[in-house]
2 protein chains.
Amino acid sequence: MIGYQGVPGAYSEQALREIFGVHAKAKPCADFETVFKGVASGKLTAGVVPIENSLAGSIHQNYDHLLKHAVTIVGEYSLRVRHNLLVRPGVRLRDLRQVQSHPQALAQCAKFLRTLKGAELVPHFDTAGAARDIVSDDVAAIASATAAENYGLSILKAGIEDDASNFTRFLVIKKAAKRGASNAKGDQKTSVVFSLRNIPGAMHKSLGIFALRDIDLFKIESRPLPGSPWQYLFYLDFAGSVADQPIARALAHLQEISTFLKVLGSYPRTVTRTYNSGRRRRG
Amino acid sequence: MIGYQGVPGAYSEQALREIFGVHAKAKPCADFETVFKGVASGKLTAGVVPIENSLAGSIHQNYDHLLKHAVTIVGEYSLRVRHNLLVRPGVRLRDLRQVQSHPQALAQCAKFLRTLKGAELVPHFDTAGAARDIVSDDVAAIASATAAENYGLSILKAGIEDDASNFTRFLVIKKAAKRGASNAKGDQKTSVVFSLRNIPGAMHKSLGIFALRDIDLFKIESRPLPGSPWQYLFYLDFAGSVADQPIARALAHLQEISTFLKVLGSYPRTVTRTYNSGRRRRG
């Protein structure tokens, strides 16, 4: 059973099915914490959670959960967020009186919605719930293709978002292994979180650890800790696995200068790509 | 006239009034782009826009707008996001049948809302609009204290958010000056955006420019550019003003190794602090 946050048809479920295949046993959870707790306790075999969006940025809450719960990252996946106009089968554009969805999804489709003169926009808790709650033929929802399948709806128009560069990166999490890292080698990526003393150049020194060993960095982000004006958390993604000797040595070196360090996982690296309509099976 | 995104009573308006005072002439705008365009063209004397939230992360769209429009950052302000339960005057908790707000605000007050047994939660486009649209005595909204004032409502309960470490950092923007930077000295901060060739250690070299000159870094964030798998934008905030010689030299040095560099502004640095109920006049 693989957990995700949201109701059936959520974009997280769509990511989950693209990763694990259409027949995966998916378990909807009320909030992110329920996914992390379920994975850490072994009640869920895995979880799929969003970690950053190309328009909205990193989802700090999920970094907090990665810190707090005994889970490890075992994979990542970039989902192209493709909004669709869903209706009951047979309904045409000119029949519509109302379009419902999460306010953010409605905002991301503003240009298209302006062409639907006269249709009232109605806010909803989430995109998939908006699809589930279509009660008549003059109502449409903006949601994922997975929501259309879940609720027996037709995709009247696909890809109605204003900005095609809308991607969400999801992480696949599993219960933290007792013996630490996976042995997988090859094109791997490792994510860590650490904090440094706030002395000038501390950040530069920590990156020197990677530069001196020619290790590629993919992501770096600092986050001030509320209530501790001079304390920061750094999120770093870099090339390689903790099973590789140079990476293990770099992390031992980072440990020396950190006040705190947690390895969040080593996992196969995927390259962002466009998702169209077909489904892919991976992993 | 100072622009902000949202309807009257939005948290952005609250930030604006804490910065410029209660009597400031505030202009609500439909979207962020309208604020940036208005400031760049001179139609607005300034704008107040959110740039990052302590729970949700950086707002990448506004970094994009900072890049695209001829504006400069002249100030920053951290607003403690304090959700309040607003009702018509005289209404009591036990009268409530319905609570409406933006889905994110409702989610951020989940613990409190569970104590209101039987009250239905209703999603709305935005917090301030939910306050404006209270149509009867059995309806409450979750919104800012400024929304209560705007719409003649009472604050039945203040600070109902689950997580008190919810801060949003706002930037004050003005039309870009022809002669570049302000001359303000003292406790200043500078924000830049740049990109580097993707060679190992490029990031380390760019931070070396600051480390070698003992310049404190406050924020660093990398953002992959969609469609360009190896190209990143870096956002960097550091201590000092472009009017200071060491900073000017560091930026000339950064220019040498960047494929692109834009100085977003030098401005007085503020320290994050808790906002309670009173209003403060600044700037």
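1. A word on contacts before we start: two residues are in contact if their C-beta atoms, placed from the backbone, lie within 7 Å. With that in hand, take N84(B). Setting aside residues up to four places away in sequence, N84(B) touches I142(B), A143(B), S144(B), A145(B), A148(B), I155(B), K157(B), A158(B) and I160(B). You'll find N84(B) in strand β6 (residues 84-87) of chain B. Is N84(B) buried or exposed? It's buried, because 27 other C-beta atoms sit within 10 Å, and the cut-off for buried is 20 or more. For a sense of distance, R197(B) is 113 residues from N84(B) along the chain, and their C-alpha atoms are separated by 47 Å.

2. Keep in mind that this is a predicted model. As for the overall make-up, chain A has 9 helices and 15 strands. Chain A has 283 residues, and 48% of them count as buried. Take the contacts in chain A with a separation of 6 or more: 74% of them come from residues 24 or more positions apart.

3. Now the core. The largest nonpolar core holds 156 residues, and the ones touching the most other members are L86(A), A131(A), L86(B) and A131(B). Which residues does L86(A) contact, leaving aside its neighbours within four places in sequence? They are A131(A), A140(A), A141(A), A143(A), A147(A), A148(A), L153(A), S154(A), I155(A) and L156(A).

4. Next, the place where the chains meet. Here 35 residues of chain B are in contact with 35 residues of chain A. On the chain B side, the elements giving two or more residues are β4 (57-58), α3 (60-68), α8 (202-211) and β13 (217-225). That side of chain B divides into 17 nonpolar, 14 polar and 4 charged residues.

5. Not counting residues up to four places away in sequence, P103(A) touches P123(A) along with H102(B), P103(B) and F125(B). P103(A) is in helix α4 (residues 103-108) of chain A. It counts as buried because it has 20 C-beta neighbours inside 10 Å, and 20 or more is what buried requires. A30(A) is 73 residues from P103(A) in sequence, and the two are 19 Å apart in space, C-alpha to C-alpha.

6. Then there are the helix pairs. Two packed helices are described by the angle between their axes and the distance between the axes. Start with α8 (residues 202-211) and α9 (residues 245-257) of chain A: their axes come within 9 Å and cross at roughly 165°. That angle makes α8(A) roughly antiparallel to α9(A), since angles over 145 degrees count that way. The contact uses K205(A), S206(A), I209(A) and F210(A) from α8(A), and A250(A), H253(A), L254(A) and I257(A) from α9(A). These residues split into 5 nonpolar, 2 polar and 1 charged.

7. For α2 (residues 32-41) and α3 (residues 60-68) of chain A, the axes come within 10 Å and cross at roughly 25°. So α2(A) and α3(A) are roughly parallel to each other, as angles under 35 degrees count as such. The crossing of α2(A) and α3(A) is right-handed. Where do they meet? F32(A), E33(A) and F36(A) in α2(A) meet Q61(A), N62(A) and H65(A) in α3(A). Sorted by type, the contact has 2 nonpolar, 3 polar and 1 charged.

8. Two helices of chain B are mostly covered. In helix α1 (residues 11-20) of chain B, 10 of its 10 residues are buried, including Y11(B), L16(B) and F20(B). Just after α1(B), G21(B) takes a positive phi of about 95°. In α8(B), 7 of its 10 residues are buried. Those are A202(B), M203(B), H204(B), S206(B), L207(B), I209(B) and F210(B).

9. One last thing to look up is backbone angles. Most residues other than glycine have a negative phi. D214(A), though not a glycine, has a positive phi near 55°, and D214(B) has a positive phi of about 55°. D214(A) is in the loop between α8 and β13 (217-225) of chain A, while D214(B) lies in the loop between α8 and β13 of chain B. Why does D214(A) count as exposed? Because D214(A) has 11 C-beta neighbours inside 10 Å, and 12 or fewer counts as exposed. D214(B) also counts as exposed, with 11 such neighbours.

How values were computed. Residues numbered from 1 in each chain as written. Chains lettered and ligands numbered in written order. Predicted model: local features only at pLDDT ≥ 70, side-chain atom pairs only at ≥ 80, totals over all residues. Helix = DSSP H or I, 4+ residues; strand = E, 2+ residues; numbered from the N terminus. Nonpolar A, V, L, I, M, F, W, Y, C, P; charged D, E, K, R; others polar. Axes fitted to C-alpha atoms, helices over the stretch in contact; angles between N-to-C directions. Parallel < 35°, antiparallel > 145°, perpendicular 65-115°, else oblique. Core = buried A, V, L, I, M, F, W, Y, C linked by C-beta atoms within 7 Å. Left-handed = near helix turned anticlockwise from the far one by under 90°.
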